[in-house]
Amino acid sequence: MMAKFTLNPDTKICYYPAYTTQKASIFRTSIKSQNWNGLPINPSLKRFKVSCSIKEKETENAEEKRRILKGLKVNDELEEKVSLLEAEIGEKVVGFVWNPPWKNLPQRYKLIGTTSLAFIICNMDKVNLSVAIIPMSHEFGWNSSVAGLVQSSFFWGYALSQLPGGWLAKIFGGRKVLEVGVLAWSLATALVPILAGFMPGLILSRILVGMGEGVSPSAATDLIARTIPIEERSRAVSFVFGGLSVGSVLGLLLAPPLIQSYGWESVFYMFGFFGITWFLGFQFVKEDQHLFSGELSWPKFDSWNNSWNSSLEELGDPLTDVPWKAFFKSKAVWAMIYVHFCGSWGHYTCLSWLPTYFRIS
C-alpha cells in the first residue's frame with residue numbers, strides 16, 4: 001500500500017492528516033487541520049512528498065538479516081588492538097596469532113639449545129648398539145669376542161678424530177664441522193641395519209659414527225667461542241655438554257621398548273632420522289655475527305689452495321710452540337691423564353656392556 005500526502009508551504013506549521021481507510025492505494029489531501037508536533041517548515045519549500053512502502057521496509061529487513069548472517073564484525077577496540085599488534089611485529093595479522101615462547105629469544109640462545117640437542121642425539125647414537133647388540137648377536141650368531149669387536153669399532157673413530165676435529169674447527173668454523181659431523185654419524189647409524197650382515201661394512205659404519213661424534217666436542221667449543229660472550233661461556237659449555245648425559249639416559253630408556261615392539265633395526269633408523277632432521281632444522285638457526293670483532297671471524301683467503309697452505313702453516317706453528325717436553329714431565333698433567341683414562345674406561349665399559357650383563361645374568 002502506498003500513502004502519499006502534500007504539504008502546503010504557505011503555512012509555517014506542518015500538519016498530520018487523519019488516517020482514513022480508503023481502499024484506493026494512493027490518496028492526496030491538503031493538510032490544514034491537525035498540528036504535527038508543531039514543527040515549523042521552511043517557507044521556501046514548494047512541495048514536499050513522502051512515500052512509504054511496505055516493500056521497501058521488507059527490503060531493509062532482508063538486508064539487515066543478511067548482514068547478521070554474514071558474521072560478527074570486529075568491534076573498534078579489537079581492530080585497534082590488531083593494528084597495534086601488526087605495527088609491533090611488522091607483519092599483517094590474520095585471525096588468531098600464536099607467538100612461540102622461543103621467538104623472541106636471542107639467536108645465541110637458540111644456537112646453544114640446538115647444539116645441546118645435537119649432543120643428546122650424539123649419545124643416543126652412541127649407546128643404541130649397547131642394547132641392540134643382544135638381539136643382533138642372537139640373529140647373526142656372534143660370540144662375545146665378535147660383539148666386542150663391533151662395539152669397540154666406534155671408539156676407534158672416536159679417538160682418532162679428536163685432534164683433527166679441533167684443527168678442522170679452526171679452519172672451517174665449529175658450526176660447519178658440527179653440521180657435517182651430525183650428518184655423517186646419522187647416515188652411518190641409519191646404514192647399520194643394511195650392513196649388519198657384512199662385518200667389514202658394519203665395522204666401517206661404526207667407525208664413521210665415532211668419527212662424526214669425535215669432531216663434535218671441538219666443533220661445539222669453537223662455536224661457543226665464536227658466538228657467546230665471555231661472561232656466558234661457562235653456562236653455555238655446561239648446557240651443551242650436559243646434553244651428553246641426557247642422551248645416554250634417553251638412549252638406554254628408548255632402545256629396549258623400540259626393539260621389543262619394532263625390532264632392533266628400528267633403533268638405528270629412528271635415531272638416524274633424528275640426526276638428519278636436526279641437520280635440516282639447524283640450517284634455519286642463525287648466528288649473532290655482530291657480537292665479536294674480526295679476531296674471531298672466519299679466515300678469509302683468496303683461493304682454496306691458499307687456504308689449505310695457510311692452514312697447514314697455522315697448524316705447524318702451534319704444534320712447535322707447545323712445550324711438549326715440559327708437559328710430559330709434569331706430574332699434574334700425568335695425574336689428569338690417569339684420572340680421565342680411568343673415568344672414561346669405567347664409563348664407557350658400563351655403557352657398552354651393562355645391558356649384556358643384565359641379559360646374561
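Author: Let's start with a charged pair. Aspartate 222 makes a salt bridge with arginine 226, and their closest N and O atoms are 2.5 Å apart. A salt bridge here is a side-chain nitrogen of Lys or Arg within 4 Å of a carboxyl oxygen of Asp or Glu. The model is predicted, so local features need pLDDT of at least 70 and side-chain atom pairs count only at pLDDT 80 or more, while totals for chains, interfaces and linings use all residues. Residues are numbered from 1 along each chain as its sequence is written, and side-chain values use heavy atoms, with hydrogens and water left out.

Reader: Where do aspartate 222 and arginine 226 lie?

Author: Both are in helix α9, four residues apart, about one turn of the helix. Helices are DSSP runs of H or I with at least four residues, strands are runs of E with at least two, and numbering goes from the N terminus.

Reader: Are aspartate 222 and arginine 226 buried or exposed?

Author: Aspartate 222 is buried, and arginine 226 is too. Buried means under 20% relative accessible area, exposed means over 50%, and partly exposed is in between, using a 1.4 Å probe and protein chains only.

Reader: How many salt bridges does the count come to?

Author: Three. One of them joins the side chains of arginine 108 and glutamate 232, at 2.9 Å from N to O. Arginine 108 lies in helix α3 (residues 107-140) and glutamate 232 in the loop between α9 (216-227) and α10 (233-262), so this pair ties together parts that are 124 residues apart in sequence.

Reader: And the burial of arginine 108, what's the number? Which figure goes with glutamate 232?

Author: Arginine 108 has 16% relative accessibility, so it counts as buried. Glutamate 232 is buried as well, at 12%.

Reader: Which ring does the charged end of arginine 108 sit over?

Author: The ring of tyrosine 109, with the charged end 4.9 Å from its centre. The rule for a charge over a ring: NZ of Lys or CZ of Arg within 6 Å of the ring centre and within 35 degrees of the ring normal.

Reader: What does arginine 175 do?

Author: The side chain of arginine 175 meets that of glutamate 179 in a salt bridge, 3.2 Å from N to O. Both residues lie in helix α6 (residues 174-190), four residues apart, about one turn of the helix.

Reader: On to rings. How many aromatic pairs?

Author: The count is 12. Rings of Phe, Tyr and Trp (its six-membered ring) pair if their centres lie within 6.5 Å; planes under 30 degrees apart are stacked, over 60 edge-to-face, and the rest tilted.

Reader: Why is the pair of phenylalanine 271 and phenylalanine 274 classed as it is?

Author: Their ring centres are 6.0 Å apart and their planes are at 25°, so the pair is stacked. They are three residues apart in helix α11 (residues 265-282), so about one helical turn separates them. Phenylalanine 271 is buried, at 0% relative accessible area. Phenylalanine 274 is partly exposed, at 31%.

Reader: Which residues form one aromatic cluster?

Author: Phe140, Trp142, Trp264 and Phe268.

Reader: Switching topic. Where is serine 153? And what is it in contact with?

Author: Serine 153 is in helix α4. It is buried, with a relative accessible area of 0%. Setting aside neighbours within four places in sequence, serine 153 contacts Ile203, Arg206 and Ile207. Contact means heavy atoms within 4.5 Å.

Reader: Which residues does the UniProt annotation "transmembrane region" cover?

Author: The unreviewed entry gives 180-204, 236-255 and 267-285. UniProt positions are in the numbering used here, feature names are shortened, and annotations may be inferred rather than shown by experiment. In the model, residues 236-255 are 100% helix and 0% strand, with end C-alpha atoms 29 Å apart. Residues 180-204 are 84% helix and 0% strand, and their end C-alpha atoms lie 17 Å apart.

Reader: And how many helices and strands in the chain?

Author: The protein chain has 14 helices and four strands. Buried residues make up 33% of its 361 residues.
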